[in-house]
Amino acid sequence: VLQLCDEFRAKGARVWIVGGGVRDLLLGREAYDFDLATDARPERVVKMFKRTIPTGIAHGTVTVLFRGRGYEVTTLRGEEGYADGRRPDHVEYVDDVEDDLARRDFTVNAIAYDPAADALIDPFGGLEDLEARRLRAVGDPLARFSEDGLRILRGARFAATLEFDLDPETEAAFGPSLDVYAKVSRERIRDEWVKAFKAREPSRAFEVMARTG
């Protein structure tokens, strides 16, 4: 992953490691998935590497095949409008990594690592929440869940797999957001259930589901 970041910088692009991989390393867990955020536009990323897959190029995401693995690389972006309760209607590219982190679901998933500076970027208190073993939405939880109904189920799943407690304000927003959750496809719901079953105590996830409706 660090070698791939070196490739980006050698080609004149800034890059950060983001998401669950950073979270899991900070928790001392084995990390499997590493996503990258870059200031390079997706069309430029495609030209920068020999083997790429335009997985979600309309939303700024390109999969870069590097040394036998695929890495999701997403251009720094903000999002607007979520008519289907899942995907943004409009994506606007941004230049500041903190603006990109602001669109993410939970604070513990909104920590970026800058390999060039060997520094963590944590604008929403994710490190403090990791220490407290607390799952808290980024910013206003009602706003985050209205953007993507699957985030409610992800919250239940993370409560189990990370063995974290839900922040009370975050949990209180589950019920009022169930209308958005109802728009989520059965396939995505199934995926979250399967991931929840990998927890040491899957019942933690299902207790959250039962408690919040």
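This is a predicted model: local features need pLDDT of at least 70, side-chain atom pairs count only at pLDDT 80 or more; totals for chains, interfaces and linings use all residues.

Trainee: Where does Asp165 lie?
Mentor: Asp165 is in strand β11.

Trainee: Is Asp165 buried or exposed?
Mentor: Exposed. The relative accessible area of Asp165 is 54%, and the cut-off for exposed is over 50%.

Trainee: How far apart are the C-alpha atoms of Asp165 and Arg29?
Mentor: They are separated by 18 Å. Along the chain, Asp165 and Arg29 are 136 residues apart.

Trainee: New topic: helix α11. Which of its residues are buried?
Mentor: Helix α11 covers residues 203–212, and its buried residues are Ala205, Val208, Met209 and Thr212. These four sit on the same side of α11, because they cover an arc of only 100 degrees around the axis.

Trainee: And which residues are exposed on the other side of α11?
Mentor: Ala210 and Arg211.

Trainee: What do the buried residues of α11 pack against?
Mentor: Several elements. The helices are α7 (150–161), α8 (168–172), α9 (178–181) and α10 (186–196). Strand β11 (165–166) is on the list too. That is the strand where Asp165 lies.

Trainee: What comes just after α11?
Mentor: Gly213, with a positive phi of about 85 degrees.

Trainee: Let's switch to Thr74. Which strand is that in?
Mentor: Thr74 is in β5, which runs over residues 69–75.

Trainee: Buried or exposed, for Thr74?
Mentor: Buried. Thr74 has 11% relative accessibility, and buried means under 20%.

Trainee: Which side chain has a polar contact with the side chain of Thr74?
Mentor: That of Thr61, at 2.9 Å.

Trainee: Which residues is Thr74 in contact with, beyond its neighbours within four places in sequence?
Mentor: Thr61 again, along with Leu36, Ala37, Thr38, His59, Gly60 and Arg103.

Trainee: Last one: the surface. Which residues form a nonpolar patch there?
Mentor: Leu26, Leu120 and Leu127. Together they have about 220 Å² of accessible area.

Trainee: Where is Leu127 placed?
Mentor: In helix α5, residues 126–132.

Definitions and conventions
Residues are numbered from 1 along each chain as its sequence is written. Side-chain values use heavy atoms; hydrogens and water are left out. Patches are made of residues with over 30% relative accessible area and no salt bridge: like charges are joined within 9 Å, nonpolar side chains (Val, Leu, Ile, Met, Phe, Trp, Tyr) within 5 Å. Accessible areas come from the Shrake-Rupley method with a 1.4 Å probe; for residues, only the protein chains shown count as cover. A salt bridge is a side-chain nitrogen of Lys or Arg within 4 Å of a carboxyl oxygen of Asp or Glu. Helices (H or I, at least four residues) and strands (E, at least two) are DSSP runs, numbered from the N terminus. Buried means under 20% relative accessible area, exposed over 50%, partly exposed in between (1.4 Å probe, protein chains only). The arc is that of the directions from the helix axis to the C-beta atoms. Contact means heavy atoms within 4.5 Å. A polar contact is a pair of N or O atoms within 3.5 Å; within protein, one must be able to donate a hydrogen and the other to accept it, and residues adjacent in sequence count only if both atoms are side-chain atoms.
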